[in-house]
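This report describes one protein structure.

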Amino acid sequence: MKKFKFWLLLGSLIGFAALSDAQNPLIRDQFSADPSARVFGDRVYVYPSHDIKATPGHGRPGWFCMEDYHVFSSANLTDWTDHGMIISQTTVPWAEPTSYSMWAPDCIFRNGKYYMYFPTTAKGSENGRGFTIGVAIADKPYGPFIPQQEPITGVHGIDPNVFIDKDGQAYLYWAQGNLYAAKLKENMLELASEPIILANLPDKGLKEGPYLFERKGIYYLTYPHVANKIERLEYATGNNPMGPFTFAGVLMDESASGCWTNHQSIIQFKNQWYLFYHNDDLSPNFDKNRSIRCDSLFFNADGTIKKVIPTLRGVGITKASEKIQIDRYSDKDSTVQISFLDTAKRFDGWKTTLKDAGSWIRYNRVDFNGKKFKEMQVMANSEGPATIEVRLGNATGQLLATANIGKGSDWQLTQHRLTSLPPKIADLVIVLKSGTGANIDWISFK
């Protein structure tokens, strides 16, 4: 156990690398899914599952393959830190160490400790399919987490979610064909009541991934549901954490890309509500390798949730001095195309192609922080000489800078003087003034 603690602590320390990213997907250097977001102190911590590609002898080809968990955190939803690996299938005493089934987790804080709940298959389970749920405990939200010797007695299933009500009572939710709920004891390790099935939910099609939160006395039970062919996010409401719940509507429609799964969590952070979910952005041809996202969530006056429309821009404010990935746009015209820089290296990200003169793309909420920036940098190439303009607000707004892009397939980094001073926070619109086929990787200001 001492050796196990050392390696988890070392993993946390060497994993402390900052990822500056205010767009979707949030994490760009690895696959991630099933995000459980939590506010601990003044930071948001996200506990996702970690998709990897199965290889011979390691996981089931063509299926979900997850061997460990990472945790990510941010103080502003823009700059994310990967705290490294916190739990592995090989360090859980009761788990099958070759199952590659470390599925959707959750984490909660109570009495000075952080309790992480995770599902996987137990040793000796028939064909490796006997999912149960275990707990790991830490003194810090990023670990090191120490798994308990045994899973929670009486719980069989996946997708654990924990909720602590205002009276201090803790509840555990999970999925196994139906959605289940039970009270937890004060120690957060044992059930304090018999599990019940949460009834009055749609009874046709798969339901999984329960996530419960409370707002203004209303308890919201959210979950993915296959109402048609792939999962969409739905919710039901009630006046008690154990129900009964009444179906209230669709939270997010089925993925436009066709990603079969989705999985959600909902938090309030600095007076704004957010929906965390996932899609197959970095693996569009194989939806078992997913990537987590975040978008703002809003309520109607009667407490119902306004449907969340997925965006590439995501949330947070992008610093003008950072590389602004305009392919994570807020809006664009129909001629603009987004594609991978290199289809063999998808973690390298995307490029924006402005095809025709007049083509435009908008990127909102860039923070110039009141500084007197003097130059714009552009990483671009073009099939022929091209000129782009960067304007404020819309395609005919105040001109901020003009950049000439030379002909050639090699990426060119060029610098251009600003023609005016931007406001503290600005929406940028990049317009192709002349030429065709201009490709832009990123822009930045200095």
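## Largest pocket

The largest pocket holds about 480 Å³ of space. On a 1 Å grid over the protein atoms alone, a pocket is an open set of points with protein on both sides within 12 Å along at least five of seven lines, and a cavity is a set where a 1.4 Å probe fits but cannot get out; lining residues have an atom within 4 Å of a point. Grid points are joined across faces, edges and corners, and a volume is the space filled by probe spheres set on them. This is a predicted model, in which local features need pLDDT of at least 70 and side-chain atom pairs count only at pLDDT 80 or more, while totals for chains, interfaces and linings use all residues. Residues are numbered from 1 along each chain as its sequence is written, and side-chain values use heavy atoms, with hydrogens and water left out.

The pocket is lined by 25 residues, of which Ser257, Asn279, Asp281, Arg293 and Leu312 lie nearest its centre. Strand S19 (272-279) and strand S23 (337-340) each contribute at least two lining residues; strands (E, at least two residues) and helices (H or I, at least four) are DSSP runs numbered from the N terminus. The lining comprises 12 nonpolar, 6 polar and 7 charged residues. Here Ala, Val, Leu, Ile, Met, Phe, Trp, Tyr, Cys and Pro count as nonpolar, Asp, Glu, Lys and Arg as charged, and the others, Gly among them, as polar.

## Enclosed cavity

There is 1 cavity of 30 Å³ or more, and the largest cavity contains about 50 Å³ of space. Its lining includes Asp34, Pro35, Ser36, Pro105, Asp159, Tyr211 and His263. Strand S2 (33-40) and strand S10 (158-164) each supply at least two of the lining residues.

Asp34, in strand S2, has a phi near 50 degrees, a positive value in a residue other than glycine. Asp34 is buried, with a relative accessible area of 7%; buried means under 20%, exposed over 50%, and partly exposed in between (1.4 Å probe, protein chains only).

## Overall fold and core

The chain has 1 helix and 31 strands. Its radius of gyration is 23 Å, close to the 22 Å that the globule rule gives for 446 residues, so the chain is as compact as a globular protein of that length. The radius is taken over C-alpha atoms, and the rule is 2.2 Å times the number of residues to the power 0.38. Of the 446 residues, 56% count as buried.

The largest nonpolar core has 39 residues, of which Tyr47, Ile87 and Phe145 touch the most other members. Such a core is a set of buried Ala, Val, Leu, Ile, Met, Phe, Trp, Tyr and Cys residues joined through side-chain atoms within 4.5 Å. Tyr47 is in contact (heavy atoms within 4.5 Å) with residues including Asp34, Pro35, Ser36 and Phe145.

## Selected local features

Tyr171, in strand S11 (residues 170-176), is buried at 5% relative accessible area. Among the residues it touches are Asn161, Leu184 and Met242. Tyr171 and Met242 are 71 residues apart in sequence and 8.3 Å apart in space, C-alpha to C-alpha.

Most residues other than glycine have a negative phi, and most peptide bonds are trans. The bond from Asn24 to Pro25 is cis, with omega near 0 degrees, and the bond from Gly243 to Pro244 is cis, with omega near 5 degrees. Asn111 has a positive phi near 50 degrees and counts as exposed at 59% relative accessibility.

Notes:
Lists of a residue's contacts leave out its neighbours within four places in sequence.
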